[in-house]
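Please walk through this structure with me.

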Amino acid sequence: MDEQGLAQFTSLSESVSTESVKARLKEMIAIPSENPMAGEPRPGHREKELGEYYLEQMNQLGMAISSRDAAPGRPNVFGVRHGDSERPSLMLCGHLDTVPTEGYVDPYSPHEQSGRIYGRGSCDMKAGLACYLEVVRLLQEADVSLKGTLILCGVADEEWQMIGSREIGRNGPIADQCIIGEPSDLAVCPAHKGQHGLFIRTFGKAVHSSIPEQGENAIERMALVINALSDYNEELASREPHPLCGHGRYSPGVIRGGDLVSAVPDFCELEIDRRLLPGDRAEDVRQDIKRRLEPLKVDDPGFRYEISDPSWDIPANDLPVSSPVVRSLLTSAQVLTDIPAQACAFPGSTDAPHLGSPAVVCGPGSLAQAHSLNEYVEIEQLTRATRMYLHTVLDLLT
Ligand SMILES: [Zn+2]
């Protein structure tokens, strides 16, 4: 950013209205948009109502709006601020859905206390969506002309199957660069691990439990499987780490087996979670497991197992730290705090790998509060996030 650009940033940055960001965030918290998860989309448990609100806000800010259903009642919404030419393009992207609210007292009554705004979706991630609107308001008010295209994007279903971002990956828009304002405490996160789940199934021979010696116990066989995988994390830790993501991880998560205590179980299944590094392949995971389980057949010739197709398959994200959007966010963080900022990995998985646009995660709020029953975002982070996004928009698009 040259001196003139910096002067423009400084002047617009001073015009950031935290009140306006707060007002929009509170309005959005008050519109329930719980992900229906495995249930049917219905009012309060879908993105339609929040999508309509967001479209209206973008419309009022002079953006060209459109929306497309990823599923009935589950829209992706878009707003475009056109510049002199189509490219470069920058997308500011966030999901419209929240996690469910069972056990949450008053999730949709946003309130402010001790420098924080509370309510479901406050940090994950209606805060990011509110900051995006403020950036556009500033551009609109100061009549800033862009050389490229700015796209705002509200996405359905991040918290479950990610059908929204997958739809955008297929049908566009595709941008040159993208920011996803998931709660990272404003850390700049160009990479995250992928999430891969699968079932391992063991089989046996069912007989009456009074004569177990005549049966084959699938649960006992699963115990051997669990043992055989028990030092898998040590093996993963011994492999070459990714510079930001570190090592892959394994965790056995769900187990089911047998259905009657008076019968020797002939079936057991274990669902495992593998966090993949960028570059790790599903096939490698299967090979790792096979290599550990095949030797079990030596002592137990009847030992039989099966590895399922993936039950979860969210790829890793890995944007080069040298990407313009990453560098620009890091610079903005340093400009605003006077502390050198370093890229790091985002702990969770996001829409990033599905969008089709190279994406970096950076947003207000902390993952420690996301999905909790007392969700909040620091108001100071709303202001700082808006300034970081503003800086990046001006840097890349003017
Ligand atoms: Zn989120």
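**A helix and a zinc site**

In helix α6 (residues 218-228), Ala218, Arg221, Met222, Val225 and Ala228 are buried. They fall within an arc of 115 degrees seen down the axis of α6, so they line one face of the helix. The arc is taken over the directions from the helix axis to the C-beta atoms. Buried means under 20% relative accessible area, exposed over 50%, and partly exposed in between (1.4 Å probe, protein chains only). Helices (H or I, at least four residues) and strands (E, at least two) are DSSP runs, numbered from the N terminus.

This is a predicted model: local features need pLDDT of at least 70, side-chain atom pairs count only at pLDDT 80 or more, and totals for chains, interfaces and linings use all residues. Residues are numbered from 1 along each chain as its sequence is written, and side-chain values use heavy atoms, with hydrogens and water left out.

The face away from its buried side carries exposed Glu220 and Asn227. At the N-terminal end, Asn217 caps α6: a side-chain oxygen lies 2.8 Å from the backbone nitrogen of Ile219.

Now the zinc ion. Its protein donors are His95 (NE2), Asp124 (OD) and Glu182 (OE), 1.8 to 2.1 Å away. Donors are N, O and S atoms within 2.8 Å of the metal (3.2 Å for Na, K and Ca); water is not among the atoms, so sites may look incomplete. The donor spacing in sequence is H-x28-D-x57-E. Asp124 sits in helix α4 (residues 122-141) and Glu182 in the loop between β7 (177-180) and β8 (191-192), so this pair, 58 residues apart, links distant parts of the chain. Asp124 counts as buried because its relative accessibility is 5%. Glu182, at 4%, also counts as buried.

How values were computed: A polar contact is a pair of N or O atoms within 3.5 Å; within protein, one must be able to donate a hydrogen and the other to accept it, and residues adjacent in sequence count only if both atoms are side-chain atoms.
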